[in-house]
Amino acid sequence: MPLIIVTGFPTSGKSTRAKQLYDYLSTRITDSKHRLHLISDDSLSISRAVYDLAAVPAHTRSANASEKDARASLYGAVKRVLSDKDIVILDGLNYIKGWRYQLHCEAKAMRTPSCILQIGCTPDRAKEVNQARLNTRAAVERGGIEATDGPEPYEQGNWDNLVFRYEEPNPMTRWDSPLFTLIWEDDEAQATKTFEALWDTIAGDGRKVVKPNQSTEPRGREASGDYLYILDRETQYIVKRILDQQGDEAGGEVKIPLTNSTQEDLIVNLPTLKKLSLPGLQRHRRAFMGLNRGGIGLEAVGNMAADRIRSLFVRYLNDAFENEE
């Protein structure tokens, strides 16, 4: 199940929206096999002070150890529970695009989707909220009012620095998409509508199948020990068969038989915009071989024999042709 990353300015209402999302998803999960988790700085007892660069010497601010330790704690908490049966809501600043990319890669490695929920709020409005919390804390310290369990404020310099460093999500990048947005003024009805769209995209019928990168998939050793020869022979065979079987016009399909006659033939979906040429196919073949030369000497998780190489190369070509269109 998916990883939902909540992001936005400090004191912009992220925790409130994350709790609303948690309550909504609780009503949607009717299967007891699925579990729901809400992970945040508060749930891990991470103080706001870890993000304060003013508290560390100037020469160490680019490598703020306390903030890195906090992100490591969040990453470990997410990694422990993330699976195909768990929905994880990560409520936090999540203001660094490299950090969001790391979380996206972790979700992809687990073959589960991820998405971004951005909480939109103007800096002035968020600053008013933080200032009100600072005033409340000051009143408690003076003894004017009783202490409450309200959220902890950011020091003003820390708040300004975090807003300055905030990196907006970009839906054009794969780690920041799909991107859903809720603004401060959105009422409960609009929030529910956004949550429904989020659910349909990452857990409903329209959910995409997540595939790990081919370069990170485990590859085994060919039984005969002549792995490179098998790799070269099978890819050459598929290239030759495509050139022989494609028609005079672009598009169509080419069937690639497997050495095991009991299995169905593989299908190469040819691009519809142009007819394939030998140089173009050889370019894809060289790129595929570059990704899979590392199969030499690796212990087998899946054996890189002829049929497996044919299957992987056909999948690689179909993905490449789809991206070119």
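Start with a hole in the protein: by class, the lining of the largest cavity has 6 nonpolar, 2 polar and 3 charged residues. Keep in mind that this is a predicted model.

**The cavity**

That cavity holds about 80 Å³ of space, and a search of the whole structure turns up 2 cavities of 30 Å³ or more.

**Charged pairs**

Side chains of opposite charge can pair when their charged atoms come close. Glu-67 and Arg-71 sit 4 residues apart in helix α2, so about one helical turn separates them. Glu-67 is buried, at 4% relative accessibility, while Arg-71 is partly exposed, with a relative accessible area of 21%. The cut-off for buried is under 20%.

The model has 11 salt bridges in total. Here are three of them, with the N to O distance and the relative accessible area of each partner:

| Salt bridge | N to O distance | Relative accessible area |
|---|---|---|
| Arg-35 and Asp-86 | 2.8 Å | Arg-35 40%, Asp-86 2% |
| Arg-100 and Asp-176 | 2.9 Å | Arg-100 0%, Asp-176 2% |

What does the bridge between Arg-35 and Asp-86 tie together? Arg-35 lies in strand β2 (residues 35–40) and Asp-86 in strand β3, so this pair links parts that are 51 residues apart in sequence. Arg-35 is partly exposed, whereas Asp-86 is buried.

Arg-100 and Asp-176 also meet in a salt bridge. Arg-100 belongs to helix α3 and Asp-176 to the loop between α5 and β5 (179–183), so the pair ties together parts that are 76 residues apart in sequence. Are these two partners buried or exposed? Arg-100 is buried, with a relative accessible area of 0%, and Asp-176 is buried as well, at 2%. Elsewhere, salt bridges that share partners join Glu-67, Arg-71 and Arg-165 into one network.

Now for the greasy side of things. In soluble globular proteins, nonpolar side chains tend to be buried together. The largest nonpolar core in this model has 28 residues, and the members that touch the most others are Leu-3, Ile-39, Leu-90 and Leu-103. At least two residues of this core come from each of β1 (3–8), α2 (65–81), β3 (86–91), α3 (97–109) and α5 (156–165). Which element gives the most to this core? That is α2, with 5 residues.

Leaving aside its neighbours within four places in sequence, Leu-3 is in contact with Val-78, Leu-82, Val-88, Leu-90, Leu-103, Ala-107, Pro-113, Ser-114 and Cys-115. Two of these contacts, Leu-90 and Leu-103, are themselves among the core members with the most partners.

Apart from this core lies another one, of 23 residues, with Leu-231, Leu-258, Val-268 and Leu-317 among them.

Conventions:
Residues are numbered from 1 along each chain as its sequence is written. This is a predicted model: local features need pLDDT of at least 70, side-chain atom pairs count only at pLDDT 80 or more; totals for chains, interfaces and linings use all residues. Side-chain values use heavy atoms; hydrogens and water are left out. A nonpolar core is a set of buried Ala, Val, Leu, Ile, Met, Phe, Trp, Tyr and Cys residues joined through side-chain atoms within 4.5 Å. Buried means under 20% relative accessible area, exposed over 50%, partly exposed in between (1.4 Å probe, protein chains only). Contact means heavy atoms within 4.5 Å. A salt bridge is a side-chain nitrogen of Lys or Arg within 4 Å of a carboxyl oxygen of Asp or Glu. On a 1 Å grid over the protein atoms alone, a cavity is a set of points where a 1.4 Å probe fits but cannot get out, and a pocket is an open set with protein on both sides within 12 Å along at least five of seven lines; lining residues have an atom within 4 Å of a point. Grid points are joined across faces, edges and corners, and a volume is the space filled by probe spheres set on the points. Ala, Val, Leu, Ile, Met, Phe, Trp, Tyr, Cys and Pro count as nonpolar, Asp, Glu, Lys and Arg as charged, and the others, Gly among them, as polar.
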